[in-house]
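Welcome! Here is a short briefing to read alongside the sequence and the 3D view.

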Amino acid sequence: MAFAAAAASTATALASGRLSASSARPPPFSPSAFPRAAPATARAAVSVRAEANKSVLVVNTNGGGHAVIGFYFAKELLAAGHAVTVLTVGDEGSDKMKKPPFSRFSELTGAGGKTVWGDPADVGAAVGGASFDIVLDNNGKDLDAVKPVVDWAKSSGVGQFLFISSAGIYKPTEEPPLVEGDAVKESAGHVGVEKYIAEQFGGSWASFRPQYMIGSGNNKDCEEWFFDSKNSS
C-alpha cells in the first residue's frame with residue numbers, strides 16, 4: 001500500500017503542524033513516482049512525529065481506491081494521537097459496507113476513532129454539530145460535491161483543508177514521471193475543486209493526486225489482477 005501509506009504519513013505531518021500547504025505541498029502520486037513494490041523509504045520521507053493533537057474529519061467515499069486512502073489516513077492519524085471522525089457517504093447498512101475497507105472499520109473504532117454515515121452535502125448534520133481543526137475531503141470529484149464541505153468547513157472555523165485529488169488531472173506526457181508543476185487539464189473537475197479550496201483557505205490547504213490504489217483493503221479485484229499480471233510478465 002505504497003500510495004496510501006505515503007499519503008497518510010504526509011497527512012500526519014500536516015496535522016502535526018510540521019508541514020504547511022504554503023511551504024511544502026506534497027508531490028503528486030503516480031506509478032512512475034512510486035513503484036508497485038512499496039519501497040522502505042516511501043513512508044520515511046514524510047513521516048514525522050505529531051507534536052499537537054488535532055481533531056480531524058475524514059469525508060470518505062463509499063467505493064473505489066479512494067476509500068482505501070481514507071481508511072489508511074484515519075489509521076495513521078489515530079496512531080499519531082489525533083482525534084479522528086470518518087464520515088462515509090451513504091448508509092451503514094448497505095451492502096457496500098460489508099466489503100473492505102469498510103468491513104475493517106473496527107480497526108478505527110478500536111483505536112479510538114469515530115465512524116458515521118451520511119450526506120456530505122449536509123456535513124454539519126451528519127457529524128452532529130461537532131467541530132474540527134482539519135477536514136480531509138476524500139470523496140468529491142467536482143466542485144458541486146466538494147463545495148458544500150468547503151463552505152461548511154470555512155464557516156465552522158476549520159483551520160486546514162486537505163483534498164484527495166487525482167493524477168488524472170494532468171495532461172498526457174511522454175516523459176514520466178509526473179511532477180507537481182506539470183500542466184493540468186482545465187476541464188478536469190478536480191482542478192476547479194483545488195482552485196476553490198485555495199481561494200477559501202489560502203495557505204492552509206493541500207491536495208494529493210494519487211493514481212491507482214492497490215494492496216490490503218482494496219475491494220477492486222480487477223485492479224489487483226492487472227498489477228499482478230504486469231509484475232509477473
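Two strands pair if DSSP finds at least two bridges between them. Helices (H or I, at least four residues) and strands (E, at least two) are DSSP runs, numbered from the N terminus. This is a predicted model, in which local features need pLDDT of at least 70 and side-chain atom pairs count only at pLDDT 80 or more, while totals for chains, interfaces and linings use all residues. Residues are numbered from 1 along each chain as its sequence is written, and side-chain values use heavy atoms, with hydrogens and water left out.

**Strands around S2**

- In strand S3 (residues 114-118), threonine 115 is the bridge partner of valine 86.
- S2 and S3 pair in the parallel sense, over five bridges.
- Strand S1 (residues 55-60) also pairs with S2 in the parallel sense, over six bridges, and here valine 58 stands opposite valine 86.
- Six of the seven residues of S2 (residues 83-89) are buried, meaning under 20% relative accessible area with a 1.4 Å probe, protein chains only.

**Aromatic rings**

- Seven aromatic pairs turn up in a search of the whole structure; rings of Phe, Tyr and Trp (its six-membered ring) pair if their centres lie within 6.5 Å.
- The rings of phenylalanine 71 and tyrosine 72 have centres 5.2 Å apart and planes at 80°, so this pair is edge-to-face (planes over 60 degrees apart; under 30 is stacked and the rest are tilted).
- Both phenylalanine 71 and tyrosine 72 are buried.
- One aromatic cluster is formed by Phe71, Tyr72, Phe102, Phe105 and Trp117.

Technical notes
Buried < 20%, exposed > 50% of the residue type's maximum accessible area, 1.4 Å probe, protein only.
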